[in-house]
Amino acid sequence: MRKDIEIPEVKDVYIAAVLEYNEDYNTNDWDAYIINDGTEAIEMVLIITQGYNDKDMTAPLRHSIKIVPAKGYARIEFLDKSVLRLDNFFTVTYFLGSKMYDKRFEFPANSVLVDNSVTLPVLDKKGVLAR
């Protein structure tokens with residue numbers, strides 16, 4: 001029975017941290033985004049985020065996005081500087097066509113830094129990609 005279960009590989013979907021200016025607070029803040037660089041929209045996107053290390057653990061946060069269009073993106077959440085010292089995980093589940101996809105993305109502790117920024121697909125901004 002297990003041999004009959006097909007687990008498709010996630011392609012062209014990314015989680016990124018982007019440093020953006022917050023006009024309300026006059027600060028530069030990191031925000032997490034989901035990026036769909038594919039040719040089809042992804043639907044019913046469920047994202048669970050959590051950070052932890054040996055001593056501390058954040059409460060899991062759950063996010064739902066109805067649709068992320070092809071070559072599109074959506075903001076997930078603000079990343080407080082206090083949680084960036086932790087290993088941060090983003091478990092992403094979504095439908096593409098009639099198949100369900102699932103992948104766990106990680107920002108290792110202290111990896112969300114301007115020095116680790118690359119040009120992101122679709123967003124045309126610099127940011128840090130999760131592994």
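Select N88 first: at 8% relative accessibility this residue counts as buried (under 20% relative accessible area, with exposed over 50% and partly exposed in between, using a 1.4 Å probe and protein chains only). The model is predicted, so local features need pLDDT of at least 70 and side-chain atom pairs count only at pLDDT 80 or more, while totals for chains, interfaces and linings use all residues. Residues are numbered from 1 along each chain as its sequence is written, and side-chain values use heavy atoms, with hydrogens and water left out.

Remain at N88 and display its surroundings. A polar atom of the N88 side chain lies 3.0 Å from the backbone oxygen of L86. Beyond the neighbours within four places in sequence, N88 is in contact (heavy atoms within 4.5 Å) with Q50, G51, V83, F105, E106 and F107.

Next, select residues 87-96, strand β6, which contains N88; strands are DSSP runs (E, at least two residues), numbered from the N terminus. Strand β6 runs antiparallel to β3, and eight bridges join them; two strands pair if DSSP finds at least two bridges between them.

Move to T49, which stands opposite F90 in β6 and also opposite L61 in β4. Strand β3 (residues 42-52) pairs with strand β4 (residues 61-68) over seven bridges in the antiparallel sense.

Finally, turn to the open sheet of five strands, with antiparallel pairing and the order β5-β2-β1-β9-β8. Its edge strands, β5 (72-79) and β8 (118-119), each pair on one side only. Within this sheet, select A17, which stands opposite V128 in β9. Two bridges link strand β1 (residues 13-22) to strand β9 (residues 126-129) in the antiparallel sense.

Notes. Helices (H or I, at least four residues) and strands (E, at least two) are DSSP runs, numbered from the N terminus. A polar contact is a pair of N or O atoms within 3.5 Å; within protein, one must be able to donate a hydrogen and the other to accept it, and residues adjacent in sequence count only if both atoms are side-chain atoms.
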